[in-house]
Each structure stands twice: as structure tokens, then as C-alpha cells.
Amino acid sequence: MFCRVETGFKTDFTDPEAEQILRKIREIHPSLSEKIRWTRKLKVTWMEIDAPRDKVVHAIQAAFKNRVTDWVFTGDLLPSAAGATGTLYDLMQESPFRPGVFHGIEKRKRLSVHDEDALVILDAVQTIMGRKSPEDRVVTGELLLMEGARLIQSDLEWVARNWFAREQTESWSLLSEEELKRNSRFQGEQVAKYLASPQLAVRSKLLQFRSPSRPQDLPIQWSRINELLRARLPDRTAKAPLCQGDEWSFISDMRFSSSKLQLESLIQTEFQLCRHQLEHFDQKGEMRLQTLLGVLPEKNRLWRSEIEGESPLKVRDDFESAIERVAESTNTPVAVMKVLEEGHESLPAYFWTGSVSLFNPGLLPPNPRETGSISELLFVGYSDQGLLRNLTYLSELKSVFRHAIQGEALDFSIHASGRSLLQCLKGGKSHLQYGMDLQIDGVQEWFKRFFESGLSLGFIWGINPDKREWVFHELGLRGVPFLSFGTTTLTGDVRILEGGSVKAGATIQEFFGLDSSESRGEESLLEEPLFLQEDRRQPSRFRNRFATEELILKPEVFHTSVATPIVIRPSLDSWSGLMVLSDLVDQGFSSEHLDYLLRKCTAMGGQINSIQVSYLNGLREWSKVLKKVEREYGIQVTEIEYAHEPDIQAHWMAIQVVAKVSDIRTVRTEELKFVQDRIYWLPGDFEQPGTRWLAGFEGRYQTGLHSAVAIESTADASKGVVDALSFALKKRKLGAEVRLQHHFPGGFFVSVSENERYAIEEEWRVLGVEFEFVGRVTSTPYLVIRNEADQVETLSIEDLL
Amino acid sequence: MSSKYRALILSAPGSRGERHFEHGLNSVGFDSEILSVADILDYRIDLDQLCLKYKVLIVTGGNTYSSVLGGGKMFAIKMQHLFRWNLLKFAERGGLVLGVGTGFQALLHMNVFGDDFTLRINESAQTESRWVKAVPIGNRCIWLKEMGTIELPLNQKDTEFVIEPGAFVEAKGKIERLGLACLKTGEQEKIIGLCDPSGRIFGLTPHPEYFLNWTNAEDWFMNPTRAAAPGQGYAIFENAAKYCEQ
């Protein structure tokens, strides 16, 4: 049964841990700490215990309940476990401000994170019940309960991000007062949402649930061949010479800089690395990149960002064509990220990031063969994980690879690293669709071992039988281990052969599960795909697939979802926010989610340049949200890729937001736009709350702003201030009536429409932003200035300029 | 001591000070043995075995099981539900029990002293690492016989002794009546040690095992002539040895 247990101190006792959080906030953010009037921290445990209710209740009582100090909330499991009502309401009663406005921040360990506390709790519960079950699951977390009438969402997010949750290992969500008072969070389906399945012990593999590549009933009885298997593994060479370290600095840099502890240096290194690549990109570099992509798991994708820059066109063209070549030869998907902004001087940036792919894109070649041919199937590579570091081997392997391609000896290559043999074969449908014979003479153990578990490093090659000897010689010469294990055929069957007799067999349709996929109609999809009825545009050349909840920056894993987007810095002057959405894990997608991502990207100052979206079976609802955002913010949303795969009964979307870090004073356009807009002056020192507000650190109504004009500090208003205003009014041939003082300490003129002024002014007051009403925009191109002595001076804008 | 009595030092993942206990107990004449939770299961030491083999049981302190579910809670669950040890019965049959730090908390969680008391996190929410002056009360506790004021190191997060607020008067009366409180701090008179009515089971928050030699004290160099003298924690183990000899 599913249950959720919340444990907190009784109202008779103080909560030192919650007080500690408050103390820290008070030191860093005094204005926020004033808003938090009361706080409590509760420990939360989500459990699924495979036992009858009475046993579970007994175990919870014995394990969680400290009769003296604690209250335990379990929904309806332990009646009157706390106070009068048995709910959090009892705890809220302790707040000195009643009825009060309560907020909750809940955090929990992410599904793929090792949860030591959960293991101990599971052990405790199982010890008390006197039995163990592999089905039992536990996840731990905490709930921070706060009271504060003036707390707004951004405050809570700030607390959650900075003081409560570690976003790399924990996810968090905000709970409203209604949710806290209700007991719906104790319901089974709510609890189940946060529990990892037993298969997710090490890494999140949520896709396994619905991946069509793992049909329920395998067409071939593979267990039948197990008894036939004997041991033999490919031998590895003992005398592989070591390669020079500097030659491989590219790879080692990639690895070294991806340390979780050095995120900043990761960004820097990657950027410099890429610049280096651009400037010294030659054939050798291309090969290195090719090898790198071969070494990295297939989940990687190549991002190519196009930025107007100062590098010579020739260099850039060469680089881009090389990238194209690499992408083609390694079957790596490429996403183009266009970052074109007028007037921005920037450097070209190329960077690599990865996303978990549903299928190996390498198995979907651009041009599937029309007719079959007979090739010899060869596994080339090692089974030893430690050999991933053997760069010599990789270099030799790549060298044979290139020679084999040049000599037309290689019909196809399937990237096998990290996948089982069965997955590789099933993935290589386009190459193997006409049938295959798998010989297990003498290699049964190898088969047995790798049929279900992953091959660590290598490829499955289809070799032209005419060039067989030549390839074998090349591989042997270079010490690359290989194993021949069958051939492709044209019989339309899959057969397992030993000693010339068939041990197991199936038709190719059964093997690839075509029957089941064809019978599955499109109506079985969760919702009608977005592009089903619309005109299909030309699909993009490279196909990308997105995972449900995680996005990999090799080799560290950063989790991203709708609630927790990540922002990386691909180059020194731009930020890139990434969000992956899937209906498998996320509840829904609203404009607030995207708003949050945009704010995160602009938090360091800057401006959103573009939003790119990729879909896999996109939903109409998602598109509506994006259209709404496009309308409201005026930012162009580009769909860089979309695909429709009816076989995959799930929907994904990946959003990338690119923001340019620019001077704070170019946050918005500088011209005054609309007649009757109100002009305010905000002080402009960087420490001022006004600047923080403009940069998006605080507040939420920045979008209501029509313009922001930077004003230098000046002793004489007739100079800089009037000039700045004149330039701001010139473009639309407008005028303004303003009241100016002689001495001006600098800052910003911002214009706000009459309708929005109340909301914005209120927010300024709440956030302590100083502001002063200066005047209004008028339709006639004259600047009417009143000075401190109420003298009026009227100047023609054109004359001024 | 002519015939050596055996002492069991029970350790768990995250516990500390086992070696200090071993050194202290061995130096007063015990034959001590450090066993982990897994060892207890392997050797199948149930309550009868425990009573037969061992005269003294030490429940060590430290951050056992990462203090998940509260300090010492998991340790208590293991003893209660996995080993099925009843420490009161062990004491009835002549055994001595000492719980230190979170080991003391484990004893509290096992309701050895009743279910109305516990230790809770201190106000700073930080681990307190300091020396406390402890004053024994009464003379029932075997471990504290004939001892005056002692000074012992404290290293714990949960140091505040609290009584069930719903039954405060009754619980307070029980402490007074049965003389459970056997150790208080010097100045503020906070309870830092409890013993059961038989005086054989003793739990305390400071760590006697870290003060076996005078040089363990912070200011030992102020009295260099005493450098070779045993520390005050040593006297506690000596009392246990004396009791076993009688």
C-alpha cells in the first residue's frame, strides 16, 4: 500500500532546524526574512509497502512516532495522530498570526538519486514487520511550512532554490495553503508519483515502461538457447602502445571539465575548447571529434549555434561543413541554434550537450537500402568497462573504420555501446530487415552475456564478404578485438544456428514486432498529435529524441523538467535555458512554467533572443501555451524539429531559450513607444532594488514595461537627460511633458501604460524600489520641460537633435 | 580482577568510540569484544546468550544510521525487533548496560526508563562539542558509585532532555520518586544522565570513553604532574569492574 508520512515537532516545542534556515535567510536577505513570520520543518516519507494495512500502521507507529516530541501525519492511517484534527492544521494553529497565510515548499530526492535515508527507513520498517520484499519502495524529503501574508511566489522560489533544496539531487514544489490543509497529498496516486520503480535503482529509465523496443512477449524463446552456451570472449591485445596525452586533450578536457563541482569551469572550458576547435579545425580535429562522438554514449547530440561573429567566413564555412560530415558519419543528431542579434558583437560558439534518446539515431540511417545484401556480422570492441579509457584502441578502431569506409568494405555500422545485443539488432532494422543468421558455435557465452546486458564499447559492423579477409587483417594488425557471429540473409527469417542446425528461429516481422506496432492504431495515443491533421512541413534532417526527465551534459547528469529547468552558459555572453517536458512524468504545462524558465534565463541580466522548440508527438495544448507566450512577450518561437511517431505512446517537448547577457541598460528598447504612457525615474546604481527589478531578479511585472532608457548621472539636466529623452522620442516622432530637476543622479527612465501603472507601482512599493513620476508621453514632437521653479520650456525634438 | 568478565561493545554503521570503550574496559579488567549489528545476527546472540556470555553491554554513540528517524532510533529498532533483546531482563539477571550519546537515545527509544522522556535537538541545531561538568545525584547508580563532580566531553546534536508535555507532572514525579535522574549538569542542573531503578542500566549524553587519561582533558597541561593519572571517565568503568567482582 502507498502511504505518506509527515513528522514534525509538536507545538509545545520549537523547531531549531527551521529556525536555522530562517537565521540564514535573515543574514542574506533581511527584507525577505521579515516577510516570513513563522516556520516549521517536517520530514516527509513516501512509501509503498507490500503488506496489509494493519502491519504498515504498526510499523509506522513504531518507526516514526516519538511520543514525546513528534506529531505524525499520515492522512487517515493513524487517526488523531496529531492534535485536534490530525492534520497540518493543528501545527498551523501554533503560528502567532492566525488565521494567517501559509505556504509550503516540499522537496524530495530525485528518482535516480541514491537515497540513503530511504534505505535506512526501509530497513527499519522491514525489520519491524519482520519480512523483506523487493517491491517495497521509499523516498524521503522535507516540507517547509511558512506563514507570511506578504510572501509571493518568487520569494518562495528563492528560498527553495537557495536554502532548502539542492536542485541537482532534489526536486521541489510549492504547496498552497489549500493543499496543505487538504489531505489529498496522502492519496495513493499522489504518493506513487514520487516513488521510483525497482528498476530505477541506479538511473532513471522511465522510458522502459513504454518503449516499443521491448515488447511484452519476445517472438523468439531466447531462454531455449541458454543451455547451449559456453564461454569464449574476444581476446584483447596485451601490447597496445600508449598514445600521447596532448593529442587527446580534446577528450580529456571534455571529461575533466564536466565535473559537477566545477560547473563554472566546465562552461569556460567548453567555450574555449570550441573556439580552439574553430580556429584550428583541420582533418585531425575532425577525426578527433568523430572519435569523441563515438566514445560518448549515443545519447549525445551536437548543438551547432550560429552566431554572427568576427571570425572569417572561410573558417566558419569549413568548420560547418566539417560538422556536417562528422554528424553524418557518426549519425549524431544536430540541432541548429540560431542566435542572430543585430548589433551584438559576439564570437561563434559551438558546444555539445546531450539528451537521452529514445532510439539510437544511428540506427535510422538517412537512406535505408531498398534491397538487401548479404553482409557478415561482426562485433568489434571490448566488453571491459575500464577500456573506455583505452584511447589507443579507439584511435585504432577509428582508423580501421575510416579505411573500411574508404575501401567500401563496411556496409553498415551499428553503435553498440551501452546497449544489449538484442537492442542493437532490433535497432538495426533498416540493415537487418531482410533476415539474418546468427552463428553461436563457440561463442554461446558471449551471446548469453550480452544478449540482455549491455555491450560496453564497440560496434556491430556489417562487412562486405568480398572484403572480409582484408578487414580481418586490418583489425588483427591493429590489435582491435572482433568476433564474427553471423550474416545477414535475404530469407526473411531470423535464425540461431549451431553446427549447421537451427536452434531457434522466427520471422523477421516477429523479431521486429511489426505486427504489434501495426495493429496499434493512432487512436490509442493519449491525445491527438499536434501535427496529425496539419500540413507536414519538411522534417528536419537529423532526428532528435528527448528523454522524459533528464538531460545529460556528459558525463554528469542534470535533471530538467517543467518544474526545474536548467540554465547553462554555452558562451561567455549568452545563457541557454533547457526544459524537457513529457506527459510521462509531468502533470501539465502552463505559461507560468515557461515564464519561470524565461525569468531564470534573464536573471543575470540580458534579453531573450530566441526560443526553440522540438517536439516528438507534440500536443496541441503545449502549442497553445507557446503561442500565448509568443503573443504576450513578442518573442519568436521557432520550431526547429518535430516528429510524429505513433508507435511511441508518449509525448515529448524540449524547449531551449537563448538569452544574451548584455549590459543591464539594454534590457528593453530605448524608445518611448506610446502616447499617454507614464514616465518614471528609477535610481540606477547596481545595488539599487530598481536595477535588480529591471534585471528580473525580483518581481513579475517587468513585462508591463514599454521602455527603459538609461540616464547617466549629470549635474545639468539640460545635457544628458534631455538628449536621452530626445533620442528616445525621435524614432516614433512623439513628444513628452516632463518635470526635471537640475541635478540628476542617473538611473533609468521607464515608461508604463496607464492600465498597468497600478500593478507595477504596487510591486515597486512592495519590493522597496524607489520611483518618481516624471511625466507623460505626448503625441506632438515637442519636449515640454518644467523645472524646479515651475518654469516651462518647450523644445522641438528635431531642433534638439 | 581475578576472573575476567566479558563486556560486549555493540557498534552499528556510524557509531564511534568503540576502541576507546575497549581500551577503557580492558584496562579495568574486562575482556571486551566489539561486535557489529551484523555480527550479532551471525553469532545468533539472543537474550539468553547475551545474559550467559556477557556481564556488561555498551551501546555506543555516534551518528548511528545517520540518525535517520532520530538519533539512536534505528539502533533501538534493531535491538528490539531484530535481536529481541529486553535490556531490563538483562539487568535483572545481573548485567550492566551503559548507553552513551546516541546510545543513550537508543535506550530511551527502547523505553528502558519509561516512555515519557526523550532527548531532542538543541536550540542551535548544531552539534555541540564541549566539556560539561556533571554532578551525580543519589547513590543508586552502580556506574557512578562514590563519585563527585566530574567533567566529561559532550559531542552531540540532541542534548536537550525533554518530558512528555501531556503528562509532565506525572513524569516529573516518576523521575523524583524512582530517582531516575542520576547525572545533572553543574550549573543549570539539566538532566544529562538516567539510570533505571536497579541502578544497572545507565545512559548519559557526555562521553566517558573519551576521558580515560588525564591528557584527554583540554587543559591537562595546566596540571602536568597529573599527566599520567587516569581520567574521570575511567572511574565509571572501574565502578563497573568493582561491581562485577563483588
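**Where chain B meets chain A**

Let's start at the interface: 26 residues of chain B are in contact with 25 residues of chain A. Keep in mind that this is a predicted model.

How much area do the two chains bury between them? About 2200 Å². Carbon and sulfur atoms carry 60% of that. Now look at three residues of chain B: Val68(B), Leu69(B) and Arg120(B). They supply 24% of the area that chain B buries against chain A.

Next, charges. The rule finds four salt bridges across the interface of chain B and chain A. Here is one to find on screen. Asp115(B) and Arg67(A) meet through their side chains, at 3.6 Å from N to O. Polar contacts come up too. Eight residue pairs make them across this interface, with both partners at pLDDT 80 or more.

Which elements of chain B give two or more residues to the side that touches chain A? There are α4 (73-83), β7 (117-121) and β10 (158-163). Of these, α4(B) gives the most, with six residues. And what kinds of residue sit on that side of chain B? Twelve are nonpolar, six are polar and eight are charged.

Now to the cores. The largest nonpolar core has 69 residues. Its residues with the most contacts inside it come from both chains: Met47(A) and Phe64(A), then Trp85(B), Phe117(B) and Leu194(B). Which element gives the most to this core? That is helix α5 of chain A, residues 116-129, with eight residues.

Let's zoom in on Trp85(B). Set aside its neighbours within four places in sequence. Trp85(B) is then in contact with a list of residues that includes Leu8(B), Leu10(B), Ile40(B), Ile45(B), Leu47(B) and Met110(B). Asp46(B) and Gln80(B) are also among the contacts of Trp85(B).

There is another core, apart from the largest one.

Last, chain B as a whole. It has eight helices and 13 strands. Of its 246 residues, 56% count as buried. What about contacts along the sequence? Take the contacts in chain B between residues at least 6 apart. Of those, 73% join residues at least 24 apart.

Find the salt bridge of Asp115(B) with Arg67(A). Find α4(B), with its six residues on the side that touches chain A. Then find Trp85(B) in the core of 69 residues. Thanks, everyone.

Note on methods: Residues are numbered from 1 along each chain as its sequence is written. Chains are lettered from A and ligands numbered from 1 in the order in which they are written. This is a predicted model: local features need pLDDT of at least 70, side-chain atom pairs count only at pLDDT 80 or more; totals for chains, interfaces and linings use all residues. Side-chain values use heavy atoms; hydrogens and water are left out. Contact means heavy atoms within 4.5 Å. Buried area is the accessible area (1.4 Å probe) that two parts lose on being put together, summed over both. A polar contact is a pair of N or O atoms within 3.5 Å; within protein, one must be able to donate a hydrogen and the other to accept it, and residues adjacent in sequence count only if both atoms are side-chain atoms. Helices (H or I, at least four residues) and strands (E, at least two) are DSSP runs, numbered from the N terminus. Ala, Val, Leu, Ile, Met, Phe, Trp, Tyr, Cys and Pro count as nonpolar, Asp, Glu, Lys and Arg as charged, and the others, Gly among them, as polar. A nonpolar core is a set of buried Ala, Val, Leu, Ile, Met, Phe, Trp, Tyr and Cys residues joined through side-chain atoms within 4.5 Å. Buried means under 20% relative accessible area, exposed over 50%, partly exposed in between (1.4 Å probe, protein chains only).
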